[in-house]
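Student: I have a model open and want to learn how to read it. Where do we begin?

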Amino acid sequence: MTPPVVLTVAGSDSGAGAGIQADLKVFAALGVYGTSVITAVTAQNTHQVRAVFPVAAAMVTEQLTALAGDLPPVAVKTGMLGDAAVAAAVAAAARAGLLPNLVVDPVLVSTSGARLGVVDAIERLLPYALVATPNRAEAAAILGRPVAGPDEMAEAARQLGTGGPRYVVVTGGDVDDSGLATGGGEAFGGAVDALWTGTEVRLLRRPWVPTRNTHGTGCSFSAAIAARLALGDQVPDAVAFAKEYVTRALLGARTWSLGSGHGPLDHFGWSDAAAGGSSSPGATDSPSESGPTGGSGPPSGSGPSGGSDSPSGSGPLGGSGPPSGFGSSSTGRLLS
Ligand SMILES: Nc1ncnc2c1ncn2[C@@H]1O[C@H](COP(=O)(O)OP(=O)(O)OP(=O)(O)O)[C@@H](O)[C@H]1O
Ligand SMILES: Cc1ncc(COP(=O)(O)O)c(N)n1
């Protein structure tokens with residue numbers, strides 16, 4: 001079967017933990033054919049972004065045009081856009097209908113603190129988004145006010161969805177410089193995201209993974225949503241799947257030492273595979289969802305290998321269940 005094409009419009013990360021490189025790994029892991037439009041080249045590692053070299057807006061348009069004529073995407077995600085001219089070029093493509101099922105990750109600042117985008121540029125694109133995935137800091141920058149706990153995240157998601165993207169997920173995974181949770185962890189009872197569905201807000205809660213290896217979580221999350229949309233998921237199912245996927249990728253890489261700063265995720269489930277795909281009783285657990293509307297359910301649809309209605313047992317993570325302890329609690333710390 002020919003895989004669906006999913007496009008990422010983002011910056012290159014030489015350390016390959018975030019940006020284009022992370023997105024293409026997610027696409028490969030989830031069984032879709034990834035294409036890429038590069039908006040900027042960054043010189044970065046797990047500690048810092050040393051330099052940013054922007055790609056000219058005209059060249060971004062050339063890349064978009066080359067793909068539109070031959071490898072049209074079924075779904076698209078945007079990440080780092082860099083300057084306003086590039087954002088305008090991407091918005092023009094969206095206006096022309098070249099960017100279906102658009103997931104906008106409004107990348108503004110890297111985990112290491114470097115500026116990778118500007119609010120004005122992001123705002124050009126948001127009206128064309130099917131889904132936007134700002135983290136708390138990005139939501140705060142767009143709205144011009146702080147976004148603290150889950151209640152404020154829920155309100156921010158609702159507000160950003162009014163007149164903008166049809167769905168908004170305000171993510172709560174940000175960490176401080178030492179890798180400690182500032183938004184999640186014990187304080188919020190797990191890693192909490194707020195999803196605005198157009199009619200209600202749902203809080204998505206998974207166990208907080210205590211690790212410094214969080215480079216590219218937002219990129220991977222939005223890439224996974226786009227991949228699942230291309231495979232036919234409805235947005236809430238795609239978001240639930242992506243949350244589960246990122247949680248497992250964080251868990252898999254939690255003790256890796258790739259670089260000495262914020263390392264990358266285990267996009268392909270290598271740790272799980274090395275452990276013999278050790279399933280846990282939690283293997284069939286669904287992502288917990290709670291909040292004003294309650295409700296729960298596993299990500300629907302199946303991975304590339306088909307036949308399963310949750311990430312466990314399906315393609316992305318090696319046909320095995322989640323690592324031991326996974327999914328055992330939606331609130332407690334997973335690891336000590
Ligand atoms: N340590 C963690 N444990 C569990 N889930 C996490 C953790 N860190 C991030 N997440 C989850 O990862 C997803 C991406 O959210 P996050 O808020 O980290 O995005 P981001 O800040 O844009 O990421 P980045 O800037 O690193 O690319 C969310 O579902 C979030 O809850
Ligand atoms: C090219 C590029 N795109 C996005 C990010 C954000 O990811 P993070 O916040 O994990 O540094 C990044 N660092 N580099």
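Tutor: With one residue. Leaving out residues up to four places away in sequence, Leu-102 touches Val-76, Ala-94, Tyr-128, Ala-129 and Leu-130. Contact means C-beta atoms, placed from the backbone, within 7 Å. This is a predicted model: local features need pLDDT of at least 70, side-chain atom pairs count only at pLDDT 80 or more, and totals for chains, interfaces and linings use all residues. Residues are numbered from 1 along each chain as its sequence is written, while chains are lettered from A and ligands numbered from 1 in the order in which they are written.

Student: In which strand is Leu-102 found?

Tutor: Strand β5, residues 102-104. Helices (H or I, at least four residues) and strands (E, at least two) are DSSP runs, numbered from the N terminus. The protein has 9 helices and 10 strands.

Student: Is Leu-102 buried or exposed?

Tutor: Count C-beta atoms, placed from the backbone, within 10 Å of the residue's own: 20 or more others is buried, 12 or fewer exposed, in between partly exposed. Leu-102 has 26 C-beta neighbours inside 10 Å, so it counts as buried. Of the 336 residues in the protein, 54% are buried.

Student: How far apart in sequence are Leu-102 and Pro-165?

Tutor: They are 63 residues apart in sequence, and 9.3 Å apart in space, C-alpha to C-alpha. Across the protein, take contacts between residues at least 6 apart in sequence: 70% join residues at least 24 apart.

Student: How do I read a helix pair?

Tutor: Two packed helices are described by the angle between their axes and the distance between the axes. Axes are lines fitted to C-alpha atoms, for helices over the stretch in contact, and angles run from 0 to 180 degrees between N-to-C directions. Here the axes of α1 (residues 19-30) and α7 come within 9 Å and cross at roughly 40°. The two helices are therefore oblique to each other (under 35 degrees is roughly parallel, over 145 roughly antiparallel, 65 to 115 roughly perpendicular, the rest oblique).

Student: Which residues of α1 and α7 meet?

Tutor: From α1, Gly-19, Ala-22, Asp-23, Val-26, Phe-27 and Leu-30; from α7, Cys-219, Ser-220, Ala-223, Ala-224, Ala-227 and Arg-228.

Student: And the ligands?

Tutor: A residue is near a molecule if its C-beta atom, placed from the backbone, lies within 6 Å of it. Ligand 1 has 23 residues around it, with Asn-135, Thr-171, Gly-173, Ala-191 and Gly-218 nearest. Ligand 2 has 17, with Gly-11, Ala-18, Gly-19, Ser-110 and Thr-111 nearest.

Student: Which element gives the most to the shell around ligand 2?

Tutor: β1, with 3 residues.

Note on methods: Contact = placed C-beta atoms within 7 Å.
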